[in-house]
Amino acid sequence: MPRLETQKPTPPLWQDGWYSFARRLESPNFGARPTNVQPELIVIHSISLPPGEFGTGQVQRLFTNQLDWDAHDYFRSIRGLKVSAHFFITRDGQLWQFVSCNDRAWHAGESSHRGKDNCNDYSVGIELEGLEGLFFENVQYETLSSLSAALLQAYPITQVAGHEHIALGRKQDPGAGFDWPVVRRSLGLGAASFPAGVTPDEATLRPRFP
Ligand SMILES: [Zn+2]
């Protein structure tokens with residue numbers, strides 16, 4: 001009897017909160033989400049280590065507690081810091097994942113979104129390699145868009161905000177160089193899903209993007 005051609009099954013997009021298209025590098029810096037709490041917010045950050053230097057691999061080291069604190073003056077200033085984000089998108093669009101989205105990563109710190117404190121409890125944190133005030137690369141937006149779309153499919157996410165919006169006065173990332181309308185258009189979300197003022201209203205969007 002001839003053998004049937006077997007097709008390799010397509011891997012699922014998500015497995016236990018891990019995204020199939022990300023490089024997985026597990027961070028010990030995470031905890032459980034509160035009972036019955038699911039992510040409903042995406043928090044966008046920017047980071048580079050040392051600040052303004054890209055492609056160093058140091059962000060991955062920071063998030064896995066492998067950073068050599070004495071290797072740079074700036075690292076000394078953050079000695080002992082234990083943080084993580086769910087995702088990191090490098091300047092060339094590579095996607096890394098450190099914490100399962102089912103768990104709580106340590107990216108927001110003291111924070112509040114629309115009256116709800118402790119954003120880490122109910123958010124997914126995405127770091128873009130960059131510097132506050134500078135622009136980001138198109139390929140980073142492409143990775144961010146496909147990742148965000150996959151997150152919206154898997155979780156009851158209705159809101160997207162920057163770290164600067166949930167830690168007012170304390171944080172400035174991702175900053176003025178981040179193109180919020182690009183994210184909004186790619187996700188097809190309404191203005192109500194974003195902080196006030198970061199995306200043009202529909203009337204402005206329509207003529208430019210019919
Ligand atoms: Zn941040």
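The model is predicted. Helices α3 and α5 pack with their axes 10 Å apart, and the largest nonpolar core has 36 residues. Two cis peptide bonds are also worth a look, one joining L49 and P50 and the other joining D173 and P174.

**Helix packing: α3 and α5**

- Helix α3 covers residues 138-154 and helix α5 covers residues 180-187, and the angle between them is about 45°.
- Because angles under 35 degrees count as roughly parallel and 65 to 115 as roughly perpendicular, α3 and α5 are described as oblique to each other.
- The crossing of these two helices, α3 and α5, is right-handed.
- On the α3 side, the contact is made by Y141, L144, S145, S148, A149 and L152, while α5 brings V182, V183, S186 and L187.
- Sorted by class, the contact of α3 with α5 has seven nonpolar residues, three polar ones and no charged ones.

**The largest nonpolar core**

- Which residues touch the most other members of this 36-residue core? They are L41, I42, V43, I44, A85 and I126.
- At least two core residues come from each of β5 (41-47), α1 (58-63), β6 (87-89), β11 (123-129), α3 and β12 (159-162).
- Strand β5 gives the most to this core, with five residues.
- Leaving aside residues up to four places away in sequence, A85 touches H45, F63, F98, A105, H107, G125, I126 and E127.

**Around D173 and P174**

- D173 sits in the loop between α4 (163-166) and α5, and P174 is found in the loop between α4 and α5 too.
- The peptide bond that joins D173 and P174 is cis, with omega about 5°.
- Is D173 buried or exposed? D173 is buried, because 20 other C-beta atoms lie within 10 Å and the cut-off for a buried residue is 20 or more.
- Beyond residues up to four places away in sequence, D173 touches H45, S46, E132, G162, H163 and E164.
- D173 and L131 are 42 residues apart in sequence, and their C-alpha atoms are 7.8 Å apart in space.

**The other cis peptide bond**

- L49 and P50 are joined by a cis peptide bond with omega about -15°.
- P50 has its place in the loop between β5 and α1.

- D16 is not a glycine, yet its phi is positive, about 50°.
- The loop between β1 (14-15) and β2 (18-19) is where D16 is placed.
- D16 is exposed, because 8 other C-beta atoms lie within 10 Å and a residue with 12 or fewer counts as exposed.
- N65, also a residue other than glycine, has a positive phi near 60°.
- N65 lies in the loop between α1 and α2 (73-77), and with 14 C-beta neighbours inside 10 Å N65 counts as partly exposed.

**V99, a buried loop residue**

- V99 lies in the loop between β7 (95-97) and β8 (103-105).
- V99 is buried, with 26 other C-beta atoms within 10 Å.
- The contacts of V99 are S27, F30, S84, H86 and A105, not counting residues up to four places away in sequence.
- V99 and V198 are 99 residues apart in sequence and 28 Å apart in space, C-alpha to C-alpha.

Key. Residues are numbered from 1 along each chain as its sequence is written. This is a predicted model: local features need pLDDT of at least 70, side-chain atom pairs count only at pLDDT 80 or more; totals for chains, interfaces and linings use all residues. Axes are lines fitted to C-alpha atoms, for helices over the stretch in contact, and angles run from 0 to 180 degrees between N-to-C directions. Helices (H or I, at least four residues) and strands (E, at least two) are DSSP runs, numbered from the N terminus. Angles under 35 degrees count as roughly parallel, over 145 as roughly antiparallel, 65 to 115 as roughly perpendicular and the rest as oblique. A crossing is left-handed if the near helix is turned anticlockwise from the far one by less than a right angle, and right-handed if clockwise. Two residues are in contact if their C-beta atoms, placed from the backbone, lie within 7 Å. Ala, Val, Leu, Ile, Met, Phe, Trp, Tyr, Cys and Pro count as nonpolar, Asp, Glu, Lys and Arg as charged, and the others, Gly among them, as polar. A nonpolar core is a set of buried Ala, Val, Leu, Ile, Met, Phe, Trp, Tyr and Cys residues joined through C-beta atoms within 7 Å.
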